[in-house]
Amino acid sequence: MTDSTATTTDLDIRLEKHRTELTGYCYRMLGSSFEAEDAVQDTMVRAWRSYDKFEGRSSLRSWLYRIATNVCLDMLTAGNKRARPMDLSESTPLAQAALSPRPDHTWLEPMPDNRVLPTVEDPAEAAVAKETVRLAFMAALQQLPPKQRAVLILREVLAWKASEVAELLDTSVASVNSALQRARATLAEREQQGADAAVSDPLDEEQQRLLDRYVKAFEGYDMTALTALLHEDAIMTMPPFDLWLTGHDDITGFMTTLGSACEGSRLIPVQVNGLPGFAQYKPDPEKGGWTPWSIQVLEISDGRLTGFHFFLDTQRWFPLFGVPLHLEAEADEVEEGM
């Protein structure tokens, strides 16, 4: 191995050590799983190409964040804000429910925990990381102007000093502090409009029992049992459709009418956006077994489910989460159907 090859390999290893945390940063900035991964790849390529100009006046990590920030700000110049259905319209009564899709770039996207949450030893740091990729927090971030967004993430999530953020953004400490104050005010308004999910890390016994009961109720399509688990103001969303429903009566009513094809589904646990979730498969009448239908993200508060969100673009989400694109029927189930 030549010296240049060894140097290149060493640089690749050093850059890759930062990939997960950079993906978390870009995801918070962009609200899109795939755009975040594209932004990080672009960051790595730019760093690799310009490494000979890196003078070491800052750490390699700080330098990478500077590149990633510029990549994200460039991507956000179009001004589009990722959103959830309830950020765009009023809830729809069940009697008026219709499935109207919007373009993919409209929606805040789900993300597997292992792609955005680096392993850290400090439990408090790990808790902050999880809380700040949850859907409600992510949606609030999308309401901030791009530079305010960067300042808030760097200061509040990553605990950078104001002077470090000012250097990264080529601005003053006073400007950073002002941007942070405005960003905090915007997020405080959002918090008053609706409480975030209160999920323990790891799940406590009560929350785990709630999830076990949910799986049993959903797979058994037992609407009475499901109603008992839902908060009276629970919300259900289904991107890319802009429809969203509120209240257990409308939610279970939808599931037994427009959503009745989900009866007989199977659920596989996934870790998504710092919250419990499932890959949902519904029965496949053509091939047998089960076919992918959605990635579910569940929000829990006060011992009830306050929100469950179904992301339906299975050809994108299931490979991202590393779950199969088909579940085979087990032998005993095949025999029962004969």
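**Reading the interior**

Guide: This is a predicted model. The buried residues of helix α14 pack against α12 (205–219), α13 (223–229), β1 (230–238), β2 (241–246) and β6 (304–311).

Visitor: Which residues of helix α14 are buried?

Guide: Within α14, which spans residues 248–255, the buried positions are Ile251, Thr252, Gly253, Phe254 and Met255.

Visitor: How should I read a nonpolar core, and which residues have the most contacts inside the largest one?

Guide: In soluble globular proteins, nonpolar side chains tend to be buried together. Here the largest nonpolar core has 69 residues, and Tyr25, Cys26, Met29, Leu152 and Phe321 have the most contacts inside it. Helix α4 (residues 60–75) supplies the largest share of this core, nine residues. Another core, of 30 residues, lies apart from it and has Leu211, Ala217, Ala234 and Leu267 among its members.

Visitor: What does Met29 touch, leaving aside residues up to four places away in sequence?

Guide: Met29 touches Cys72, Leu73, Leu76, Gln142, Pro146, Arg149, Ala150 and Ile153.

Visitor: How many disulfides are there?

Guide: A disulfide is a covalent bond between the sulfur atoms of two cysteines. In this model the count comes to zero. For Cys26, the nearest cysteine sulfur is that of Cys72, 3.5 Å away, whereas a disulfide requires the sulfur atoms to be within 2.5 Å.

Visitor: Why do Cys26 and Cys262 count as buried?

Guide: The cut-off for buried is under 20% relative accessible area. Cys26 counts as buried because its relative accessibility is 0%. Cys262 counts as buried because its relative accessibility is 10%.

How values were computed. Residues numbered from 1 in each chain as written. Predicted model: local features only at pLDDT ≥ 70, side-chain atom pairs only at ≥ 80, totals over all residues. Heavy atoms only, no water. Buried < 20%, exposed > 50% of the residue type's maximum accessible area, 1.4 Å probe, protein only. Helix = DSSP H or I, 4+ residues; strand = E, 2+ residues; numbered from the N terminus. Contact = heavy atoms within 4.5 Å. Core = buried A, V, L, I, M, F, W, Y, C linked by side-chain atoms within 4.5 Å.
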